[in-house]
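This report is written for a reader meeting the structure shown below. Please keep the sequence and the model in view while reading.

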Amino acid sequence: MNGTEIKDVVKEKYGQAALRVTSGGSSCCGSAPASASGCCDPITSNLYDAGQAGQIPEEALLASLGCGNPTALARLSAGEVVLDLGSGGGIDVLLSAKRVGPSGKAYGLDMTDEMLALANQNARKAGIENVEFLKGEIENIPLPDGSVDVVISNCVINLSADKDRVLREAFRVLKPGGRFAVSDVVTRGTMLPEIRKSVLLWVGCIAGALEENEYRSKLASAGFEQIELEPTRVYRIEDAREFLAGQEIDVDAIALQVDGKIMSAFIRAVKPR
């Protein structure tokens, strides 16, 4: 697919997820265990603890389609300005807003009308005022140069067809000394194209996942320093077995090509002062 087609698919997927939540369902899976929610995707399940879940409306949690918990790992301080790329139902924006306090601010950027409507609804329910949700694309961030202390994101950058531009835009809006602190799905080592294509049936966000060293290289090319990539979940073949078996794929035949080669990671970098 070309960039426009990928964007349309992503917009439709996330728009439908928002509508499911507003009609009383779940995006699959939020924080519920996969067995309890009926969700077969271990990537998006069990990301937020009870303490965090209690700080935000249930709809924000149910709308989560992330692969990590950047707000738990990013070092946010009172008074800072945070930007969440691909903010969805607003869970990470609302949690960040609480961390930076009334003297700080949290922006959420999303291209999906349904998710933006849900996020604003969640902010009102939570009574959190130091947030602002912006409509736009992560390849063209509608904020001025040097206006943000921290850029976060949760399993969204890998969905972009132009990751180099996303990283350049993140670098542009960060203040000197600003931090890049995102959760994303990455791959480790080589994977045969036909195997990669099969695994895409497991979860859509693997579609554009970068190999870990390629991610580091792209961050460096954008101008970032102090680049770190910390695996937070490494997925085994057992994680995908049930779902892939339902797709008429011989899971055992691809086990060695997949096992341990896909992971969620927390990725840190710094814009030089």
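Predicted model: local features only at pLDDT ≥ 70, side-chain atom pairs only at ≥ 80, totals over all residues.

## Helix 12

Helix 12 covers residues 251-258, and within this helix Val251, Ile254, Ala255 and Val258 are buried. Viewed down the axis of helix 12, these buried residues fall within an arc of 145 degrees, so they line one face of the helix. In general, an α-helix has 3.6 residues a turn, so residues three or four places apart point the same way.

The face turned away from the buried side of helix 12 carries the exposed residues Asp252, Ala253 and Leu256. After helix 12 comes glycine 260, whose phi is positive, near 75 degrees.

A search of the whole structure finds 11 salt bridges. One of them joins the side chains of lysine 105 and glutamate 132, at 2.7 Å from N to O. Because lysine 105 lies in strand 2 and glutamate 132 in strand 3, this pair ties together parts that are 27 residues apart in sequence.

Arginine 172 and aspartate 145 meet through their side chains in a salt bridge of 2.7 Å, N to O. Arginine 172 lies in helix 8 and aspartate 145 in the loop between strand 3 and strand 4, so the pair ties together parts that are 27 residues apart in sequence. Asp145 and Arg172 are also linked with Glu169 in a network of salt bridges.

The side chains of lysine 218 and aspartate 164 form a salt bridge as well, at 2.9 Å from N to O. Since lysine 218 lies in helix 10 and aspartate 164 in helix 8, this pair ties together parts that are 54 residues apart in sequence. Lysine 218 counts as buried, at 16% relative accessibility, whereas aspartate 164 is partly exposed, at 29%.

Conventions. Residues numbered from 1 in each chain as written. Heavy atoms only, no water. Buried < 20%, exposed > 50% of the residue type's maximum accessible area, 1.4 Å probe, protein only. Helix = DSSP H or I, 4+ residues; strand = E, 2+ residues; numbered from the N terminus. Arc of directions from axis to C-beta. Salt bridge = Lys/Arg side-chain N within 4 Å of Asp/Glu carboxyl O.
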